[in-house]
Amino acid sequence: MEKGYLCLILHAHLPFVREPQYEEFLEEHWLFEALVDTYIPLLTVLESLIKEGVGFSLTLNISPTLSAMLEDDFLITRFKKYLDKMIELSEKEIERTKFLPQFNRLAHFYYYRFTRAKKLFFEKWGANILKVFKDIQERGFLEIITCCATHGYLPLLNLQEEVIKAQIRVGVSSYRRVFDRNPSGIWLPECGYFEGLDRFLKEEGIKYFILETHGILFARPRPKFGVYSNYWTPHRVGIFGRDPETSKNVWSSIEGYPGDYNYREFYRDIGFDLDYDYLRPYIAPTGERIFTGIKYYRITGPTENKEIYDPQKALDKAAEHAGNFMFNREHQINYLNSVLGRKPIIVAPYDAELFGHWWFEGVDWLNFLIRKIHFDQKVFKMITPSQYLKVYPLTQKIEPAGSSWGWKGYSEVWLSGENDWIYPHLHRAGELMVKLAQKEFLGLEKRILNQMGRELLLAQSSDWPFIMKTGAFSSYAKKRVIEHLQNFYSLYYQLKRRHKNELFLRELEEKNNIFPDISYKVFSL
Amino acid sequence: MRKRKENKKKTVKRISRILSSLLKPKKKQEEKKKTSSSSKATLKSKKSPVSKKTPSKEVSLKTPPTTKSLESSLPKFDLGIDLKEEAQPVKLPQRYFDNKIVALTRDPWWVHTYWDISPQKEAEVLSKISSQEKPFLKKILRVYDVTEVKDINNFSKCQFFDVEINSLATNWYINVNKPGRSFCIEIGYLTSQGEFFVLARSNIIKTPRFGISEELDEEWVLPEDEYYKILGVYDLGKSSLQRMRALKLALERGISSGGASGLFSPLLRKRVKKGFFFEVYTELIIYGRTHPQANLTLKGEKVNLQEDGTFSLRFHLPLGKFEFPFRAVSPSQDEKIEITPIVERTEK
């Protein structure tokens, strides 16, 4: 009999980026890179595990903005073009490196990677990976949870209850549309929690959510089992706290696995190394050099003199690290089981894009880890939060503390000199939306209101202030907040006119086509 | 006094610009009337000339490098310039003048507040203050600890403190330094006699609780030290202050270090600081042309031709001597030409 459980949660999210008015748009590459680096390899691993009879229980959050993009024909077509270009570049690389056998081997490696991604995505999965994820969920291996509509950071939007509810409701309805069932849990954007939020979650039928470690530890009364059990909130929603040890293993750039010298170096990319004219067709349309994803070096050490990457050595390392992770969990769980008097749950949530994108070998690590857990030990099992809720339905009731998983544990990342200017605008627009949502509109006016709702939600994405804070791409983030709010007010202006410009409305509906079924009424109580 | 008047005038101009940009269709006279009658602010300012100042830095748009045509897609919109099309986007208001002050929680110790007070409201409140007092007025934020307040309209028994603010500021970060408490903020004028004239009152916010609760409702399982260890605090100080510091440090050191937005949080952020460096690589381009239907090979491997029969190959050229045996065979297979360039790269 197992002594405890490991709950791996992957949070897959990207902001909604869709710019059809441009022939090519750099920020759309976020999706394409995440597909090639993370989502496609992950799905490949999951399918192989099932095929080979390896049992596992994984929790995956696919955010509504990500799932909207994965459903979008326009972006899918662009993804194909992107892959074709990358295949072309890797073909050229195979030729260019003819006299460098080690590099040539890697060039073939990338060529295979891109062609295989294309084949799997478009031929095997019919350009619809949401359906593949859904099937895996229905076969019981995967628990897919939802997220707020546009990943709005709730603690800083909490001026109108209706705005918070809209973020949650649209997150739930978007999930229902894609996965044909109600989501059991929700991933709170950035784990952002404020006291009282559990009531809104309860009202929308959410069964559980995840908090940052101190959200649970600083709860009142003191949580009996640390972060190693579920609890109930005052409104009886299940809660789980993040285990810091497992997050450090993977996240930390010093102690964590991804910093190993054998792993691939992210920052050495041919996009910055090779001759400009040669690269020109494959970099940003405006001519800036960018990361192409073709990287030939390993981390090597704290040096500029990087050595060539050896995929086999890196793979061996990933297997070793998976073994180490499992070994540490066995010890942790044995110990916790002995002091807690119940089977502990170790909740280990990660951004999905960490695996494969930042940590190139991360998906392989995951693959090794799941196999090892299945075959090599008996101390613990993998579990999803809703399965664990059934193990301990009777547990302590606590009031969790406001918290987030951002830097310093609270809201500073999203509220600082670089980005605080957005809140007066977001709050006013929210206020106007809530006011309008109390009235009844029909026909064209109703469509205007629905689109206003979409624009407001898009402006509320936590990604924009986050990007403003971290620097890179910040002008795009600013542009997006301003643009959506301007669309919002332009629509409002149309609403008040006797003669409405339907063309204008239709253009916005077609461009920002997220949440096709949204009703502006989600902004009313 | 005169200065203030001027300021006021400017502000009125600004309102007019904002409200009109929000509400006013530039073309049609009839709509213009509607707007001005629905809004006090525009009434007065109708005559005033419009300043074409660009909006403040924060909301101004710099063209992102990646989206070069952004500017053209944005409204050429300012009062006085007619809209080309009625559906052009409305510009985001710079100010709202809705007499609001809003408080937000940043963390257990800090709150953020922003406000937007109309000149009318300012004038209305200032008119209640005697003219002798006016030169000595301070604009302040009064921060009430309302944790124990039952009646939200009566703050008289609350503890509070004042923060003097710059009259041009529109937002402020305040160190309340009290986790787990509720606060409400008023903005207003404080006279030298200590009389406070309120411009606006904020929403009530609560700072998150910090530290491990002393409230226990069940029999204890984990020893106290174990709790701190979960957070990575092994050296627990004796005093509560030491404890708090240790906890704070643990959070800063980042058990949460990875969090947030997968694709945008460079995990291996610590890059090696580059010293002086110099790297030289060589590449070789071999190009040429033949009959478009010819069969061209290099070392027996087929070389793809462009439609016009040209080709171009590009190789990384390391140190050494390299031969490139090309062979072109005519479409009819009866003619062939072989050329073998030899390239040597050395360094001294």
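Accessible areas here come from the Shrake-Rupley method with a 1.4 Å probe, and for residues only the protein chains shown count as cover. With that, I looked up chain A: its accessible surface is about 17,200 Å², and 51% of this belongs to carbon and sulfur atoms.

Conventions noted before going on. This is a predicted model, in which local features need pLDDT of at least 70 and side-chain atom pairs count only at pLDDT 80 or more, while totals for chains, interfaces and linings use all residues. Residues are numbered from 1 along each chain as its sequence is written, chains are lettered from A in the order in which they are written, and side-chain values use heavy atoms, with hydrogens and water left out.

**Chain A**

I looked up the secondary structure and found 19 helices and nine strands (DSSP runs numbered from the N terminus: helices are H or I of at least four residues, strands are E of at least two). Of the 525 residues, 70% count as buried (under 20% relative accessible area; exposed is over 50%, partly exposed in between; 1.4 Å probe, protein chains only). I then checked contacts (heavy atoms within 4.5 Å). Among those in chain A with a separation of 6 or more, 80% are between residues 24 or more positions apart.

**Cores**

A nonpolar core is a set of buried Ala, Val, Leu, Ile, Met, Phe, Trp, Tyr and Cys residues joined through side-chain atoms within 4.5 Å. The largest has 204 residues, and Phe79(A), Leu197(A), Tyr350(A), Phe355(A) and Trp365(A) touch the most other members. Helix α1 (residues 29–51) of chain A gives the most to this core, 14 residues. Another core, of 24 residues, lies apart from it and includes Val111(B) and Ile165(B).

I listed the neighbours of Phe79(A): leaving out residues up to four places away in sequence, Phe79(A) touches Phe32(A), Leu35(A), Val36(A), Ile40(A), Phe121(A) and Phe122(A).

**Aromatic pairs**

Rings of Phe, Tyr and Trp (its six-membered ring) pair if their centres lie within 6.5 Å; planes under 30 degrees apart count as stacked, over 60 as edge-to-face and the rest as tilted. I get 51 aromatic pairs over all chains. For Phe99(A) and Phe322(B), the ring centres are 4.4 Å apart and the planes at 45 degrees, so this pair is tilted. Phe99(A) is in the loop between α3 (73–96) and α4 (101–124) of chain A and Phe322(B) is in strand β13 (residues 320–323) of chain B, so the pair joins two chains. Phe99(A) is buried at 18% relative accessibility, and Phe322(B) is buried at 13%.

**Chain B loop**

Last, I looked up Phe276(B), which is in the loop between α7 (240–253) and β9 (283–289) of chain B. Phe276(B) is exposed, with a relative accessible area of 84%.
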